Amino acid sequence: MATPDIPVTGLFFAFLLLAIPIFIMHKTRLPMIKETVWSFLRMSIQLALAGVFLTVLFEYNNPLLNVLWLCVMISVAAYETVRKQELNIRKLYLPTIAAFVIATTLFLIYFETLILQGGGLSEARFLIPIGGMLLGNSLGGTIIAVSLFYNDLRRNENRYVSALSFGAQRTEALLPHFRTALKSALKPSLGNVAVMGIVFLPGLMTGQLIAGLSPMTAITYQIALMFTIYTATTVCVTIAIIFTSYISFDEFGMLHKEIFLRK
Amino acid sequence: MQAGDKQCECSRGHFLRDKEAHIMEEEIIRYDNVSIVFDGKTIIEHFSLPVCKGDKVILRGPSGSGKSTLLKMAQGYARPDTGTVSYRMHEIDADTAWTIRQETAYISQDTNIGEGIVRELIAGVFAYAANRTIPYQDSLGEYLTMFSLDETILDKDFRSLSGGEKQRIVIIISLLLGRMIFFLDEITAALDGRMKSRVADYFLSHEDWTVIAISHDDVWYREGVRIIPIGGK
């Protein structure tokens, strides 16, 4: 089954759609026009670049190049995690990157060898999109969790201090804050999982259906990926918090104030 | 940690009855030439205070004078900018701080200690590795009665309690842990008059308990209590 390309004029009509939200924003004086236009421009340029890049990547299909690209993705993901939560980048960047590397590598290998059974790790066609989905999804969760963990600790400092004074070890005293963080990180994905297939078809499935794969093939991929993503997110959040906590506390068990950029 | 053989130098005064004198020579906490700098301003300078076993000490001073910080130093939540704080003749460092936290009790007026059902909150504290062997169930009822709380409070959400109820629950947890050295930061501020004196009575009546407290409540200011003025220049 051949998949028709969207012609340039088709893309133009897609862009034209934006006129409607802009018109409504203009009439209701909702000051979001600039942001909307800018975001969509940025997205288009990024995707165009990605298109060019992926074409090259798929053409060469060089394992080294693939892994290199994965590294770039991991670095950006870790950078975004630390930057978004206004924590000290210099201090927390390395532990966060380590968390992403471990979680992503572990579950990519698991997915390729035990689930896909023979996709080939070096195959750009698998490595890049699946690695990207694992990263993209655990990225959101990790941003929420790490930032919530430290903000919760700062806001409810007395809970932590009183746990310590009640005789808790550092880990025991941090556990309630970890629970809050992990719960918030996983809640949105659980919501998505519950309505998947009925309310919306996830991107991967849409792509495979358009590419002409049978719906059954598409859903097996999707099911396998959802399990992997959920687990990868949990693992990534857990080790990101464990790794960053080694740097964020002094030997008295007190949180370094300088890990926050703003007071 | 062993008590040192050095005799405590605290000026216990004439109120000490002779029969207690022999057990009361152990030094528990000593502040030595402590300074606290806050936002570039020195708020406490050359503060020295030895506290011996059985002492009842009240730190008195205006807010912002650094009293709470002094108290936090005793469990290693704050550190002096200069000078030293020692516990049982050992300077408080990263290792001793963890021991102190398991041997002494620090209660602050901030009662935000957690969330959830009171009973589970208490059970959580006694699930810590260090507390697992402490039998607390039996004494819990006694303490509730002593501080005029009904058993039904155990099934309520901690955050729905009033300030005074929360404070009493925190005090009860500390008492259940069986500690004998207490650092108390304004723990009667949220209580009503009758309860203020009951709590103060309870802490001050145990002769072998060591208590360093911050309070503006008159109930703490009584005979036998050392009053240490802080700041207020």
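In chain B of this predicted model, B:R60 stands opposite B:P229, a residue of strand β9(B). The pairing behind this involves strand β3 of chain B, residues 56-60, which runs parallel to β9(B) and is joined to it over four bridges. Strand β9 itself covers residues 226-229 of chain B, and its side chains alternate between two faces.

The next topic is the interface with chain A. Here 33 residues of chain B are in contact with 19 residues of chain A. Between them the two chains bury about 2100 Å², and 54% of this area lies on carbon and sulfur atoms. On the chain B side, the residues that lose the most area to chain A are B:Y77, B:W98 and B:Y128, which together make up 30% of what that side buries.

The rule finds two salt bridges between chain B and chain A. In a salt bridge between B:R79 and A:D250, the side chains meet at 2.5 Å, N to O.

As for the elements involved, α3 (94-103) and α6 (163-176) of chain B each supply at least two residues of the side that touches chain A. Helix α3(B) gives the most to that side, with five residues. Sorted by class, the side of chain B that touches chain A has 15 nonpolar, ten polar and eight charged residues.

Methods: Residues are numbered from 1 along each chain as its sequence is written. Chains are lettered from A and ligands numbered from 1 in the order in which they are written. This is a predicted model: local features need pLDDT of at least 70, side-chain atom pairs count only at pLDDT 80 or more; totals for chains, interfaces and linings use all residues. Side-chain values use heavy atoms; hydrogens and water are left out. Contact means heavy atoms within 4.5 Å. Buried area is the accessible area (1.4 Å probe) that two parts lose on being put together, summed over both. A salt bridge is a side-chain nitrogen of Lys or Arg within 4 Å of a carboxyl oxygen of Asp or Glu. Ala, Val, Leu, Ile, Met, Phe, Trp, Tyr, Cys and Pro count as nonpolar, Asp, Glu, Lys and Arg as charged, and the others, Gly among them, as polar. Buried means under 20% relative accessible area, exposed over 50%, partly exposed in between (1.4 Å probe, protein chains only). Two strands pair if DSSP finds at least two bridges between them.
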